[in-house]
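Let's take a walk through this structure together, one contact at a time. Keep the view open beside you as you read.

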Amino acid sequence: MAITYTSGEQVEVYRFSIPATILIPLAAVFLQAWLPLRLPFFSIFDLPLLVTIGFATARRSPLAGLFTGSLIGILQDALTHQAIGLYGIALTVVGFGASSLGIKLDVEHAGARFLLTIFFYIVHEVVYFTIARGMVGLRMAWSWPHEFWSGLANALLGVLVFMVLDRVKQRT
Amino acid sequence: MDVLGRYRNLIVLVGVLFAQILGLAVQVNVKRTADSEPTRLIRIWAVGMITPLEKALVWAQTSSSNVWHDYFYLRGVRAENRGLKQQIERMSLERVRISQDADQARRLQALLAFKEQFISATMAAQVIGGSGSELSRVVFIDKGYNDGIRPDMAVITADGVVGKVLEVYRVPSTSKVLLINDQSSGVGAILDKTRTQGILRGTASGEVVLEKVMSDETVPAGEMVLTSGGDGVFPKGLLVGRVTKVAPGSELFLNIHVRPAADLSRLEEVLVVTKIDERQAEPDQTGAVRAVDILAERLPAVPSKPEDAVKSSVPGTVAPGTIAPPSPGSDAKPKAASPEASTASGSPAARKPANSASSAGTGSGTSSGTSPVTRTANGAAKIPPKPVKTATEPKPQPAVEDSPH
């Protein structure tokens, strides 16, 4: 029997309706592409990443998490001019990790969600940086202060995104 | 079998990651070997899903903004109109000076059989979205294949160069534009005063750097950077930006930072250069217009003689030596009286050059109190007798008017 750090109620598995499963990631990718042109500061956020973490922790299924992350990432890649798979790989890892951790940790509280988002934001950036620089040959510079502040900003927004997802998720 | 079931999740994860890494490797290899990468079906689907939403949102935003600014919020429009009229007058004088310089340059270029590039057609497009990634500085515009956009067309604004068309889509009709501050972008550039050439590249942080300039060159901060035309995408002489910082770079080259003239973070409307003509320069045969001529056009008119007035009162005839006022429905350019007619009446007035006639037409159309001007054979401006207004005489149409649109 696996040891978990959650109460009986907290290991509850949720699901999302088909419209929510399709429209929420689509809206996240759309807003990520559209908003930074109107509000340049918004480029610091990564809405598709937050939605991937939100879906993965609610479903608590590693397979569902990795496929959700993979599809959202590939959709995000398709809008760029870089090779398809950079975001795909990073979000696959995040989706798998977040759902696996969601089984073991209590992710119903805002504090836990905040820390979880910072952690997976860093994981996402490390995977993306490694693949982009090592495989695709993009010129990139790693900056810890930038990553820290971006992680903090995304974690704050992440708490709000989780609250929105709480409203549309359904108990199985 | 039990092991497979136990590690099923991990095996699927490794499989999915492996598939994506394999796909990535294939794409990187294609990019390195082929000049142009084919557009992937998945990109077409993604663009097909996202850009219609962006188009609809931008249309709604633009429409509501237009209704507000064009029909309700008209405060200060008259003052702005007056200011713009003054600006037109100042620019007319400036144009004379510049056209003289340009004509001289054309004569020299013709002597050298120099071929120039001209932007002969552009298409206005609206920026509807971006990529959503800081490492991919591209924007989507609302014009695509069906509108005549093709890959590698230059994209500019009134301020300066923006980038080039990267991919063009049929359905929905949209295009992906690579900005000059993307790290995969490269623009042939030349410094305005020192005429030093280099390659303009973007960086990962979104800055623009001029590369391949030798460290023994002197590059002052603030110098303008123009397109050199050497890349085959941008015509020569377009403003790219200004030098902000010069520092020693790697090897023997300088590290020159350039601030783009166009605000790449707040793009709304752009122009796609759809046609560039290349032709040999020809000197302007019509002759230069002097500043004094333009000023003379704005002098008050002198009343005409009675016999001229009688002749001009007949509909369809024009007093010799005068320029006919524009008729309603026609364009604002008045027709100059023929030299023969001027000679027949004994007037020494000569026909005005075509470009001067057009500026006379503009003058009579834009401001009241101005009169048409004839020119003597030696080029001096002469104020002609003013035709007497009759009941049938049409009034010149104002060229600029306050319109609700």
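Helix 1 of chain A and helix 3 of chain B, residues 41-72, pack with their axes 10 Å apart and at an angle of about 60°. That angle makes helix 1 of chain A oblique to helix 3 of chain B. If you look along the pair, you will find that helix 1 of chain A passes helix 3 of chain B in a right-handed crossing. Bear in mind throughout that this is a predicted model.

Which residues bring these two helices together? From helix 1 of chain A come A:Leu26, A:Val29, A:Phe30, A:Ala33 and A:Trp34, and they meet B:Met49, B:Ile50, B:Leu53, B:Glu54 and B:Leu57 in helix 3 of chain B. By class, the residues of this contact between helix 1 of chain A and helix 3 of chain B are nine nonpolar, no polar and one charged.

Now step back to the whole interface. Here 36 residues of chain A are in contact with 36 residues of chain B. On the chain A side, the elements that each give two or more residues are helix 1 (18-38), helix 3 (62-78), helix 4 (86-104) and helix 5 (110-136). That side of chain A has 25 nonpolar residues, along with ten polar and one charged.

Next, stay in chain A and turn to helix 2, which covers residues 47-59. Helix 2 of chain A has 13 residues and reaches 18 Å from its first C-alpha to its last, close to the 18 Å expected at 1.5 Å a residue. Is helix 2 of chain A mostly covered or mostly uncovered? It is mostly covered, with 13 of its 13 residues buried.

One partner of helix 2 of chain A is helix 3 of chain A: their axes come within 9 Å and cross at roughly 165°. At that angle, helix 2 of chain A is roughly antiparallel to helix 3 of chain A. The crossing of these two helices of chain A is right-handed. On the helix 2 side the contact is made by A:Pro48, A:Val51, A:Thr52, A:Phe55, A:Ala56 and A:Arg59, and on the helix 3 side by A:Ala64, A:Gly65, A:Thr68, A:Gly69, A:Ile72 and A:Gln76. Sorted by class, this contact of helix 2 with helix 3 of chain A has six nonpolar, five polar and one charged residues.

Just after helix 2 of chain A, A:Arg60 takes a positive phi of about 55°, although A:Arg60 is not a glycine. Is A:Arg60 buried or exposed? A:Arg60 counts as buried because 23 C-beta neighbours lie inside 10 Å, and the threshold for being buried is 20 or more.

Further along, in helix 3 of chain A, you will come to A:Asp77. A:Asp77 is buried, with 28 other C-beta atoms within 10 Å. The C-alpha atoms of A:Asp77 and A:Tyr87 are separated by 5.9 Å, although the two residues are ten apart along the chain. Leaving aside neighbours within four places in sequence, A:Asp77 is in contact with A:Gln82, A:Ile84, A:Gly85, A:Leu86, A:Tyr87 and A:Gly88.

Of the 405 residues in chain B, 30% are buried. Among contacts in chain B between residues at least 6 apart in sequence, 63% join residues at least 24 apart.

B:Ala189 gives a local view of such contacts. B:Ala189 is found in strand 6 of chain B, residues 186-191, and is buried, with 31 other C-beta atoms within 10 Å. B:Ala189 and B:Ile199 lie ten residues apart in sequence and 5.7 Å apart in space, C-alpha to C-alpha. Not counting residues up to four places away in sequence, B:Ala189 touches a set of residues including B:Leu210, B:Val225, B:Thr227 and B:Val240.

In the loop between strand 2 (138-141) and strand 3 (154-156) of chain B is B:Asp152, a residue other than glycine whose phi is positive, near 70°. B:Asp152 is partly exposed, with 13 other C-beta atoms within 10 Å. The loop between strand 4 (161-169) and strand 5 (174-179) of chain B holds B:Pro172, and a cis peptide bond with omega of about -5° joins B:Val171 and B:Pro172.

How values were computed
Residues numbered from 1 in each chain as written. Chains lettered and ligands numbered in written order. Predicted model: local features only at pLDDT ≥ 70, side-chain atom pairs only at ≥ 80, totals over all residues. Contact = placed C-beta atoms within 7 Å. Helix = DSSP H or I, 4+ residues; strand = E, 2+ residues; numbered from the N terminus. Nonpolar A, V, L, I, M, F, W, Y, C, P; charged D, E, K, R; others polar. Expected span 1.5 Å × (residues − 1). Buried ≥ 20, exposed ≤ 12 C-beta atoms within 10 Å, placed from the backbone. Axes fitted to C-alpha atoms, helices over the stretch in contact; angles between N-to-C directions. Parallel < 35°, antiparallel > 145°, perpendicular 65-115°, else oblique. Left-handed = near helix turned anticlockwise from the far one by under 90°.
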